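Hi everyone, thanks for coming.

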Amino acid sequence: MSIQPVAPTRMNPLTYVIFGSRWLQLPLYLGLIVAQCVYVFLFLKELTHLVTDANTLTEQGIMLLVLGLIDVVMISNLLVMVIVGGYETFVSRLGLQNHPDQPEWLSHVNASVLKVKLAMAIIGISSIHLLKTFIAAGDVGLPVCGSADFITAATAHAQALASGLSLAAPVCTKVTQAGVMWQTIIHGGFILSAIGIAYTDRLMTNSTAKREHVVH
């Protein structure tokens, strides 16, 4: 006995409009694809800078550039998860079942799984930024770029050069003690948020599984 396919439920006009409003998100995901292209350009730009200036860069400079490339890749991965997972979850199915290139996580993606994965990706990106800050933390104590102290030092250096003196150019930093502290606190907040999201998702999953077990 063959099973007849179930005909789709006929929707009234109001239901059709409300359900069809999900397609308003399509331009948003297409815009994220454009942002992905911008990040590809940024990656190639930074990679070119790394290769062409490799002979003059210090080890710390090379490390910071490599971390910058990793940062771009991780943000790009985040964009892919939002574009593919968000479209699959909130707009329409992509129909990638049994496709050889289907991402492993896409087969069981839902809103809860997507939130956890996005939280973990944000933690990874924050870790890269925090590591870059820690590498540059050795410059803490130098005048902050653009501050009154640095402008005064740069003015004095220019006057010394005009007088015929040879002095080393003043150096500045973009890293401050307060900045390092707040970046560490914010990173810890991201971790606590991800733990909370994962714990809430686990509670909801266990609750759903218990209800299904009681029904059956």
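Let's start with residues 180–200: this stretch is 100% helix and 0% strand, with its end C-alpha atoms 30 Å apart. Helices here are DSSP runs of H or I with at least four residues, strands are E runs of at least two, and both are numbered from the N terminus.

A word on the ground rules. This is a predicted model, where local features need pLDDT of at least 70, side-chain atom pairs count only at pLDDT 80 or more, and totals for chains, interfaces and linings use all residues. Residues are numbered from 1 along each chain as its sequence is written, and side-chain values use heavy atoms, leaving out hydrogens and water.

Now, helix α6 covers residues 177–215 and contains H187. Is H187 buried or exposed? H187 counts as buried because its relative accessibility is 11%, and buried means under 20% (1.4 Å probe, protein chains only). Beyond its neighbours within four places in sequence, H187 contacts I123, S126, S127 and L130; contact means heavy atoms within 4.5 Å.

Next, helix α3, residues 59–91. Its 33 residues reach 46 Å from first C-alpha to last, close to the 48 Å expected at 1.5 Å a residue; that expectation is 1.5 Å times one less than the number of residues. At G85, α3 bends by about 25 degrees, the angle between axes fitted to the seven residues ending there and the seven starting there.

That's my tour, thank you!

Methods: Buried means under 20% relative accessible area, exposed over 50%, partly exposed in between (1.4 Å probe, protein chains only).
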